[in-house]
Amino acid sequence: MNAPLLAAPAADSGLEWGALWLTLELAAITTALLLLVGTPIAWWLARTRARVKPIIEALVALPLVLPPTVLGFYFLLLANPDAPLGRFWLEVTGDTLTFSFAGLVVASIVYSAPFMIQPLQTAFASIGRGPLEAATMLRASPLDAFFTVALPHAARGYLTATVLTFAHTVGEFGVVLMIGGNIPGETRVISIALYEAVETLDYASAHAMAALLLVFSFVVLAIVYTADRRFARRVANP
Amino acid sequence: MSELHVELRGALGDFRLDVSESLPAAGITAIFGPSGAGKSTLLRGIAGLAPDLHGRIVFREQCWLDSERGIYVPPHRRGVGFVFQDARLFAFRSVLGNLRYALRRAPPGPGLGVDDVVSALDLGSLLKRATGELSGGERQRVAIARALLARPRLLLMDEPFSANDVSRRNELLPYVRALAERFDVPVLYVSHAVEEVAYLADRMVVLRRGVVHARGAVDEVLERLGGDLPDGPFEAGVLLHGMVRDHDDRYCLTSVAVGAQTLVVPRLEVPVGAAVRLRVRARDVSIAAVAPVGLSIRNVLPAEVIAVAADIEGPYAELTLLAGNMRLRARITRAALDDLAVATGSTVHALIKSVTIE
């Protein structure tokens, strides 16, 4: 890990556009994949009466309380080309899962899962059985009822979940450091670039990137809360 | 034979349901009983929304459920319409959007356009509205229209007007009665209000603590059960089917023919020849041993006492009378019974103080 750290092209000052772009790409891909993976899990959690439900809920919430380094450490072990997951990945893609962008995506999905699944689960649960039963009694199949009734009802949940997942992935640091290292264009995301700037006493760059992340996070949250309020008003009094 | 056969059993918490009924799949059948009797559970079972219940359901020779043979038709394939107590309109769609939702999923077939249903339920002025702006009664009318537009083969209604006050309910009930005839869909109507049942239904099933307590034609069951109805809001009496014979404009009265007899009631705003249902409560019927004179009561009919039920521990006795072919019930004190020396077979005059139009 030391080699790429030293070899990293330290920007003279200010923003590193490559790292910024990579960060946004990682966040966008992670969010898109989590939307697909998280929806069925959240739906199941919101409706199941199975005994394993609390166990699954605990697993989903785990990344909230675990230090990212713990997650990163285990992922490193699993993704190693000698371990089953890592070997499988190497055989299928011809590339290692560690120190690669793909590895970052997989780890980010796990790491950001609670930010997607929990709001969706709450949104699905709050629909209650009423509207879905009503759709069923109008001859809508379960899948039809999901898309035409559950999804529109859960729209606010999707807004919250999408934005939180995206923003949280943008802010990811510990996991990336553990499994991705600092390969420009591959795993060097903006939080890593910021870390390195501070380490090398390049405070001008650090200021630029820190301020950008701060403003970005604030603007995103402000947009969510504004949209959420508009949305609430539209549903109450369309 | 076109019918609905339902055998449903199951425990939900402390409550057990055990029902086995065959109902003709036509007209309006009321499921009647106090709250907690299992009416809604039965309805949900028929719709397929209560997977904890097992048994057998056959509708028009089509099996929806047979737990022994492992048959279970999922609710959306049963072709059942359901009007819920709480309307359950889709909040993110307009009134028209709600109706279209049903229309798009209806099986192809003739008739029953949006216009028919919209006009039958007077929804014309509401179509553009958001569901959040509707009053309780309007919501239920939209819910009924929506259910009909999915072209159900059986319509289930679970106390649809229980959240409305009495006067609003009286405005809504005629819609339901008209629909069952006009759109030719059999209706199961859950209610705990005897007035609703008497007004709407042809037949009724009385549920009590999860089992069927009585069944049959509404007037027979109501008469038979009398004061013995499960939750007691009902008063003993009879339900009469009559036809408007003429109106007396001078005194604002209407004569209604009931069999060979005629009852005079305050003017009804319905045309001559229209069918009406009248209810005569036992406490509104007095008897006189001889033809009374100088009396303000207009409806006095000679009648024969065909049954006497005296409550030894209470003050009252209930008589069943036959005036021509019209049955009446009268509630008098036991003291009066003894004074007048009335017994089964006595000929008396029934004095009807008031008649309710259902």
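The questions and answers below concern chain B of a predicted model and its contact with chain A.

Q: What confidence does the predictor give to chain B?
A: Chain B has an average pLDDT of 86, and 95% of the residues score at least 70. The model as a whole scores ipTM 0.75 and pTM 0.73.

Q: Which stretch of chain B has a pLDDT below 50, and why should it be read with care?
A: The stretch is residues 230–234 of chain B, where the pLDDT is below 50. Beyond near neighbours in sequence, these residues have 11 contacts in the model. Where pLDDT is low, predicted coordinates should not be read in detail.

Q: Why is one side of E7(B) and of E11(B) left without a neighbour in the sheet?
A: The open sheet has 6 strands in the order E7-E8-E9-E3-E10-E11 of chain B. E7 and strand E11 (211–217) of chain B stand at its edges, and each has a single partner strand, so one side of each lacks a neighbour in the sheet. Ignoring direction, neighbouring strands of this sheet are turned by 15 degrees against each other on average.

Q: Which residues are bridge partners of Phe32(B)?
A: In E9(B) the partner is Ser191(B), and in E10(B) the partner is Val206(B).

Q: Why do E2 and E6 of chain B stand at the edges of their sheet?
A: That open sheet has 5 strands in the order E2-E1-E4-E5-E6 of chain B, with antiparallel pairing. Strand E2 (15–24) and strand E6 (71–72) of chain B each have a single partner strand, so one side of each is left without a neighbour in the sheet. H1(B) packs on this sheet as well, touching E1, E2 and E4 of chain B, and its direction makes about 115 degrees with that of E1(B).

Q: How many bridges join E1(B) to E4(B)?
A: Strand E1 (residues 3–12) and strand E4 (residues 54–59) of chain B are joined by 6 bridges and run antiparallel. Leu4(B) stands opposite Phe59(B) in E4(B).

Q: Why is Arg88(B) called buried?
A: Arg88(B) has 23 C-beta neighbours inside 10 Å. The cut-off for buried is 20 or more, so Arg88(B) counts as buried. Arg88(B) lies in the loop between E7 and H2 of chain B.

Q: Why is Arg151(B) also called buried?
A: Arg151(B) has 20 other C-beta atoms within 10 Å, and 20 or more is the condition, so the residue is buried. Arg151(B) is found in the loop between H4 and E8 of chain B.

Q: What makes the phi of Arg88(B) and of Arg151(B) worth noting?
A: Most residues other than glycine have a negative phi. Phi of Arg88(B) is near 55 degrees, a positive value, and Arg151(B) has a positive phi of about 55 degrees.

Q: Why is Val264(B) called partly exposed?
A: Val264(B) has 15 other C-beta atoms within 10 Å. Buried needs 20 or more and exposed 12 or fewer, so 15 falls in between and Val264(B) is partly exposed. Val264(B) lies in strand E14 (residues 261–266) of chain B. Not counting residues up to four places away in sequence, Val264(B) touches Leu253(B), Ser255(B), Arg298(B) and Asn299(B).

Q: Which residues make up the contact of chain B with chain A?
A: The contact takes 20 residues from chain B and 17 residues from chain A. On the chain B side, strand E7 (80–83) and helix H2 (95–105) each supply at least two residues. The residues of that side divide into 13 nonpolar, 3 polar and 4 charged.

Notes
Residues are numbered from 1 along each chain as its sequence is written. Chains are lettered from A and ligands numbered from 1 in the order in which they are written. This is a predicted model: local features need pLDDT of at least 70, side-chain atom pairs count only at pLDDT 80 or more; totals for chains, interfaces and linings use all residues. Helices (H or I, at least four residues) and strands (E, at least two) are DSSP runs, numbered from the N terminus. Two residues are in contact if their C-beta atoms, placed from the backbone, lie within 7 Å. Ala, Val, Leu, Ile, Met, Phe, Trp, Tyr, Cys and Pro count as nonpolar, Asp, Glu, Lys and Arg as charged, and the others, Gly among them, as polar. pLDDT is the predictor's confidence in each residue, from 0 to 100. Two strands pair if DSSP finds at least two bridges between them. Axes are lines fitted to C-alpha atoms, for helices over the stretch in contact, and angles run from 0 to 180 degrees between N-to-C directions.
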